[in-house]
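Subject: The structure, with some notes

Hi there,

Here is the structure I said I would pass on. Please have a look at it first, and then read on.

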Amino acid sequence: MNDKLIGLDVDTLYIVGLALDYCVFYSAKDAIGLGFKVYVVEDATRGISPEGISNAKQDMKDSGIKIIQSSEILGSSGQFLKSSSTIILLVTMLPLFLKDV
């Protein structure tokens, strides 16, 4: 997937989905390790346990991952405000989209 994103000139990822303290967490950590700017859209995720969510959020913040709300990337009309060099990854659905890539 890294090569595909680089080929599309993507440098920033907004990660949403299930579960914040597992799939979202590990996807975000992998992405920051590959050099992407990473944002986790907290109100577009759900976690498994309160303790796991708290630990994952702190670890992500410590790693340079920004935890934001959807209002920070959506205009009042619901339009995406960021540039074309960004992409939103819906973690729970990602394998379905990458199956044929």
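Below are my notes, starting with the ground rules and the fold.

This is a predicted model, so local features need pLDDT of at least 70 and side-chain atom pairs count only at pLDDT 80 or more, while totals for chains, interfaces and linings use all residues. Residues are numbered from 1 along each chain as its sequence is written, and side-chain values use heavy atoms, with hydrogens and water left out.

The protein chain has four helices and four strands, in the order α-β-α-β-α-β-β-α along the sequence. Helices here are DSSP runs of H or I with at least four residues, strands are runs of E with at least two, and both are numbered from the N terminus. Of the 101 residues, 32% count as buried (under 20% relative accessible area with a 1.4 Å probe, protein chains only; exposed is over 50%, and partly exposed lies in between). Among contacts (heavy atoms within 4.5 Å) with a separation of 6 or more, 76% come from residues 24 or more positions apart.

Strand 1 (residues 12-18) is largely enclosed by the rest of the structure, because six of its seven residues are buried. It pairs with strand 2 (residues 37-46) in the parallel sense, over six bridges; pairing requires at least two bridges found by DSSP. One detail to look up is Y14, whose bridge partner in strand 2 is Y39.

Together with helix 2 (residues 20-33), these two strands make a right-handed β-α-β unit. Right-handed means that, with the strands pointing away from the viewer, the path from the first strand over the helix to the second runs clockwise. The buried residues of helix 2 are L20, D21, V24, F25, A28 and A31, and their cover includes strand 1, strand 2 and helix 3. Just after helix 2, G35 has a positive phi of about 95°.

Finally, a word on confidence. The mean pLDDT (the predictor's confidence in each residue, from 0 to 100) is 82 for the protein chain, and 73% of its residues reach 70 or more. Helix 3 (residues 50-62) has the highest mean, 98, and helix 4 (residues 94-98) the lowest, 47. Over residues 93-101 the pLDDT is below 50, and this stretch has four contacts in the model beyond near neighbours in sequence. Where pLDDT is low, the predicted coordinates should not be read in detail.

Best wishes
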